[in-house]
Amino acid sequence: MSYLKKKQWALIPDSVPEVIRYCSKCGRKSNFINSEKFRINANRNNIDIWLIYQCAKCKSTWNLSIYERINPKNINKKLYDKFLANDKILAKEYGFDVTIHNKNMSELILENMDYHIIEIETKEYCEKENEQSIEIISEFPLDIRMDKLLSENLRISRNQIKDMFDQGLIYSQDEKKWLKKKVKNGMIINIVISHD
Ligand SMILES: [Zn+2]
């Protein structure tokens with residue numbers, strides 16, 4: 001009998017999502033690719049800031065509007081420098097920003113995105129003996145089901161995960177029916193370690 005240390009799984013997407021929107025050149029909806037490049041357009045004293053996307057079929061560009069007619073003085077200097085430098089992390093953050101994409105009428109394609117996990121062992125001990133608690137850290141809105149996540153990363157089949165869930169060997173205090181739901185940032189899963 002022993003107490004294990006709490007773990008965290010940070011889910012890191014390996015790429016940025018494409019979006020679906022109407023392409024005026026193709027004359028229908030198409031997939032657009034995040035170019036990870038920003039464009040700043042001066043408009044008298046104000047500026048527009050866009051993240052540039054490109055139609056996967058015809059290569060025509062489309063601008064995701066981030067700021068419209070804003071005075072550059074009202075933008076944080078560090079942030080402004082990142083726009084100028086085409087900061088890749090910033091392009092990823094906007095690439096996953098559901099609110100901004102909704103405003104721009106573009107739909108994120110979040111299914112089947114590749115990701116990796118950074119496992120962190122914390123200094124805190126689990127509350128119960130012979131249990132491993134794992135906190136899910138998912139800052140990006142990934143469309144991954146919990147059972148798939150656990151199956152892939154604990155390397156046990158989805159059926160086994162379901163059996164463990166039914167037997168209460170894998171549970172969450174936050175929610176009861178979480179197994180088939182999407183991953184949620186901050187969710188904590190507890191796994192009872194068997195001794196067979
Ligand atoms: Zn097109």
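# Strands, domains and phi values

User: In E8, which residue is the bridge partner of Trp 9?
Analyst: In E8, the bridge partner of Trp 9 is Ile 136. This is a predicted model, where local features need pLDDT of at least 70, side-chain atom pairs count only at pLDDT 80 or more, and totals for chains, interfaces and linings use all residues. Residues are numbered from 1 along each chain as its sequence is written.

User: In what sense do E1 and E8 pair, and over how many bridges?
Analyst: Parallel, over 4 bridges, between strand E1 (residues 5–13) and strand E8 (residues 131–137). Two strands pair if DSSP finds at least two bridges between them. Strands (E, at least two residues) and helices (H or I, at least four) are DSSP runs, numbered from the N terminus.

User: And E1 with E7, parallel or antiparallel?
Analyst: Antiparallel, over 8 bridges.

User: How many bridges join E9 to E10?
Analyst: 2 bridges, and the two strands run antiparallel. Ile 170 has Ile 191 in E10 as its bridge partner.

User: Zooming out, how many helices and strands does the chain have?
Analyst: The protein chain has 5 helices and 10 strands. It is more spread out than a compact globule, because its radius of gyration is 21 Å, well over the 16 Å from the globule rule for 196 residues. That radius is taken over C-alpha atoms, and the rule is 2.2 Å times the number of residues to the power 0.38. The C-alpha atoms fill a box of roughly 70 × 40 × 25 Å along the principal axes.

User: Which domains does the assignment give?
Analyst: Domain 1 is 5–13 + 113–192, and domain 2 is 19–108. Their C-alpha centres lie 33 Å apart. The bounds come from an automatic or database domain assignment.

User: What share of the residues is buried?
Analyst: Buried residues make up 20% of the 196. Buried is 20 or more other C-beta atoms within 10 Å of the residue's own, exposed is 12 or fewer, and partly exposed is in between, with C-beta atoms placed from the backbone.

User: Which residues of H4 are buried?
Analyst: In helix H4 (residues 146–154) they are Met 146, Leu 149 and Leu 150. They cover an arc of only 95° around the axis, which puts them on the same side of H4. The arc is that of the directions from the helix axis to the C-beta atoms.

User: What covers them?
Analyst: The cover includes helix H5 (158–166). Arg 155, which follows H4, has a positive phi near 55°.

User: What about Arg 44, then, where does Arg 44 sit?
Analyst: Arg 44 is in the loop between strand E3 (28–43) and strand E4 (46–55). Its phi is positive, near 55°. Arg 44 is exposed, with 6 other C-beta atoms within 10 Å.

User: Is Arg 69 buried or exposed?
Analyst: Exposed, with 11 other C-beta atoms within 10 Å of Arg 69. Arg 69 is found in strand E5 (residues 61–70), and has a positive phi of about 45°.

Methods:
Contact = placed C-beta atoms within 7 Å.
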